[in-house]
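Let's take a walk through a protein together. Keep the picture open beside you and follow along as we go.

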Amino acid sequence: MNKKMSAKKTLKKGLCIATAIFFLAVGATCAQTFTDDARILATYQKSLDSLFLKVKSVTADDVKTQLAENTQAISLNLLKTDKREKTGNEIYELAKPATVTVGIAYLCPRCSNSHISESSGYVIDPSGIVVTNYHVAAMYANIGDGNKPLGLTVRMANGKIYAVKSILACSKTNDLAIVKLVTDGEKFPVLPLAEAGKVGDDVYVLGHPKGMHYFFSKGIVTNKYMEEAGEINKKFFREMMAISADYATGSSGGPVMDRYGNVVGTVSNTKMFTHSEMNPSVQMVVKNTVPVESLWKLIQSGSKH
């Protein structure tokens, strides 16, 4: 009798241990790491010196010329549109490896350390072709305030750093720039492009607002309209897609994706509406993104050169 009781206790103890190990294993599999933004930025900055010893980035003057001329032909190997609906986390996990930090590397007049101004972008061709905003590239080309440009770079989610080789195509009107990275024949994860997004559709944004790397937000397409833009004497209208998903400075150039993980837009800017000049209380902030239709037009026009 004692032997049977002992055997039962041993079996029960074994089951408890096995159950505990199982749940620990499941927890380890499901757990996500916490993003250390300060460490990412510090490591990024420290990597610049070794990067620029190996490869040359496109210069600020060259970018200024390329933004003005935009004469290169584009040959892209685009991923087919995905038609399988995904959960928010699935979209995040698929998009993160293809979403990049676009870094303007520079020296300030106050110290000898390399600095980085961060924006966002995403890979559309496995050979290392990235979409970001025109205004991001223009910031590098026209850097001022005594700052010395060092290079235009891209950081992947896995921590690898690459120099930008050139601007392949751009549109100041639509705030888009397609850039080519300096690579050694490596293949990169990419995001597929949708044909278009529709008002009311769910959308997801991935980017780096104010240095919060890989910040993921969800919303809907709230409007598709012709936005008046440009300087006072050079006004023009352009296609815009407003969304309700959150983003901020640093998210510029990041992907806006549908529920399948296809890109339907590119983060561009925000516009704040106040009650009136007499009552400047904020009533609404419009989150403007460049619709994917504008990107398709840029790709197709570039292919004709």
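This is a predicted model: local features need pLDDT of at least 70, side-chain atom pairs count only at pLDDT 80 or more; totals for chains, interfaces and linings use all residues.

Where is the place of threonine 289? Threonine 289 sits in strand β12, which covers residues 282-291; helices (H or I, at least four residues) and strands (E, at least two) are DSSP runs, numbered from the N terminus. Residues are numbered from 1 along each chain as its sequence is written, and side-chain values use heavy atoms, with hydrogens and water left out.

Back to threonine 289. With a relative accessible area of 0%, threonine 289 is buried. That word means under 20% relative accessible area, whereas exposed means over 50% and partly exposed is in between, using a 1.4 Å probe and protein chains only. Who are the residues in contact with threonine 289, leaving aside its neighbours within four places in sequence? They are Met240, Met241, Ile243, Tyr247, Val256, Thr266, Val267 and Ser268, where contact means heavy atoms within 4.5 Å. Take serine 268: 21 residues separate it from threonine 289 in sequence, yet in space the two are 4.9 Å apart, C-alpha to C-alpha. As for methionine 241, its backbone oxygen lies 2.7 Å from a polar atom of the threonine 289 side chain.

Now hop over to glutamate 227, which is found in strand β8 (residues 215-229). Is glutamate 227 buried or exposed? It's buried, with a relative accessible area of 4%. Its side chain has polar contacts to look for: one of 3.4 Å with the side chain of lysine 271, and one of 3.3 Å with the side chain of asparagine 288. A polar contact here is a pair of N or O atoms within 3.5 Å; within protein, one must be able to donate a hydrogen and the other to accept it, and residues adjacent in sequence count only if both atoms are side-chain atoms. Setting aside neighbours within four places in sequence, the residues touching glutamate 227 include Phe236, Phe237, Arg238 and Met240.

A nonpolar core is a set of buried Ala, Val, Leu, Ile, Met, Phe, Trp, Tyr and Cys residues joined through side-chain atoms within 4.5 Å. The largest one has 27 residues, and Val63 and Leu67 have the most contacts inside it. At least two residues of this core come from each of α3 (60-69), β1 (99-107), α5 (134-141), β4 (148-155), β5 (161-171) and β6 (176-181). The top contributor is α5, with six residues. Apart from this core lies another, of 26 residues, including Leu168, Ala169, Tyr204 and Met240.

Let's zoom in on α3. Its buried residues are Ala60, Val63, Gln66 and Leu67. Looking down the axis of α3, you'd see these buried residues fall within an arc of 120°, so they line one face of the helix; the arc is that of the directions from the helix axis to the C-beta atoms. Here's the background: an α-helix has 3.6 residues a turn, so residues three or four places apart point the same way. On the face of α3 turned away from the buried side, you'll find the exposed residues Asp61, Ala68 and Glu69. The cover over the buried residues of α3 includes α5, β4 and β5.

What about β1? Eight of its nine residues are buried, so β1 is largely enclosed by the rest of the structure. β1 runs antiparallel to β2 (residues 114-125), with nine bridges joining them, and a hairpin of six residues leads from β1 to β2. β1 also runs antiparallel to β4, this time with seven bridges. Two strands pair if DSSP finds at least two bridges between them.

Last stop: the rings. Rings of Phe, Tyr and Trp (its six-membered ring) pair if their centres lie within 6.5 Å; planes under 30 degrees apart count as stacked, over 60 as edge-to-face and the rest as tilted. By this rule there are three aromatic pairs. The ring centres of tyrosine 162 and phenylalanine 188 are 5.0 Å apart with planes at 75°, so that pair is edge-to-face. Ring pairs also link Tyr92, Tyr204 and Phe216 into a cluster.
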